[in-house]
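I opened this notebook to keep track of what I looked up, beginning with the pockets and then turning to the backbone.

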Amino acid sequence: MASSYGNGANVGASSFNFEKLNGISNYGTWKFLMRIYLIHEDLWDCIEESSANTPIVTDERKQQKALAKICLMILPSSLSHVRDAKTGHDAWRRLQKAYEDRGLCRKLGLLRTLFGLKLEQFKSMENYLMQVCDINQQLCDINYAIEDDFLAVLMLSGLPTDYDPLIMALEHSNIKLTSEIVKTKLVQETMRRDFENSEENAKPRDPLRAGYPSPGPHRRGRPCLRGGQPLAGVAD
């Protein structure tokens with residue numbers, strides 16, 4: 001599972017490669033990928049709790065291994081949060097405390113960002129949908145998930161007016177809206193529009209409509225030789 005991310009590192013023989021933790025900006029993605037990696041290394045039980053503040057696995061050797069793998073995937077600017085951690089579980093909890101702000105300001109900030117997303121702010125439909133889903137995941141991470149049908153409506157609310165026919169079709173389809181259905185429909189609509197645009201661009205252009213001069217005898221003036229000199233004896 002190799003990929004190219006900035007500030008990444010190959011972790012172990014399995015060549016997991018993902019961006020190191022650099023703060024709250026990439027914590028959500030880093031947390032997910034780090035969890036997957038620890039599961040792959042059979043170390044997630046060192047993090048997951050069997051009861052409050054108590055990990056399933058307390059074996060010191062495995063806890064130290066989990067701690068090392070976590071710390072190796074943190075940039076120096078964020079290492080201060082885990083310098084005094086004694087176990088992998090301890091390091092994980094410290095990072096949660098530092099970056100998983102569950103307060104009112106955090107919730108309001110995420111909701112305002114989510115409600116303000118518009119398709120025209122992004123280079124593609126794919127980027128727009130990815131951002132909507134990413135913010136929704138951040139809300140889930142702080143136990144403030146929104147209903148899926150409402151998320152579907154939010155995806156549609158960020159579209160320009162030329163998508164109104166699609167929205168009307170969805171409204172009259174009698175299908176229970178979900179975020180997955182809306183994402184699929186929007187991707188299909190984007191592919192349809194791209195295909196139509198490519199077909200339109202492939203059509204031969206009419207020289208008159210394109211603004212090219214007509215080859216017909218519409219110009220007035222003295223007949224000329226190829227060198228640009230007028231023919232002798234020919235009056236204007």
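I began with the largest pocket, and I noted that helix H1 (27-40) and H5 each supply at least two residues of its lining. The model is a predicted one, which I kept in mind throughout. H5 gives the most to the lining of the largest pocket, with 6 residues.

I then looked up the volume of the largest pocket, which is about 320 Å³. Of the 17 residues in its lining, Ser25, Gly28, Thr29, Asp134 and Gln138 are the closest to the centre. When I sorted this lining by class, I found 5 nonpolar, 7 polar and 5 charged residues.

Next I turned to the second largest pocket, for which I wrote down a volume of about 270 Å³. Its lining includes Lys31, Phe32 and Arg35, and also Met130, Cys133 and Asp141. Here H1 and H5 each supply at least two lining residues, and H5 gives the most, with 6 residues. By class, I listed 3 nonpolar, 4 polar and 4 charged residues for the second largest pocket.

My last entries concern phi. I reminded myself that most residues other than glycine have a negative phi. Asn143, which is not a glycine, has a positive phi near 60°, and I located Asn143 in the loop between helix H5 (125-141) and helix H6 (148-157). Asn174 also has a positive phi, of about 60°, and lies in the loop between helix H7 (164-171) and helix H8 (179-202).

Are these two residues buried or exposed? Asn143 is exposed, with a relative accessible area of 62%, and Asn174 is exposed as well, at 74%.

Notes
Residues numbered from 1 in each chain as written. Predicted model: local features only at pLDDT ≥ 70, side-chain atom pairs only at ≥ 80, totals over all residues. Heavy atoms only, no water. Helix = DSSP H or I, 4+ residues; strand = E, 2+ residues; numbered from the N terminus. Buried < 20%, exposed > 50% of the residue type's maximum accessible area, 1.4 Å probe, protein only. 1 Å grid on protein atoms, 1.4 Å probe; cavity = no way out; pocket = protein on both sides within 12 Å on 5 of 7 lines; lining within 4 Å. Points joined across faces, edges and corners; volume = space filled by probe spheres on them. Nonpolar A, V, L, I, M, F, W, Y, C, P; charged D, E, K, R; others polar.
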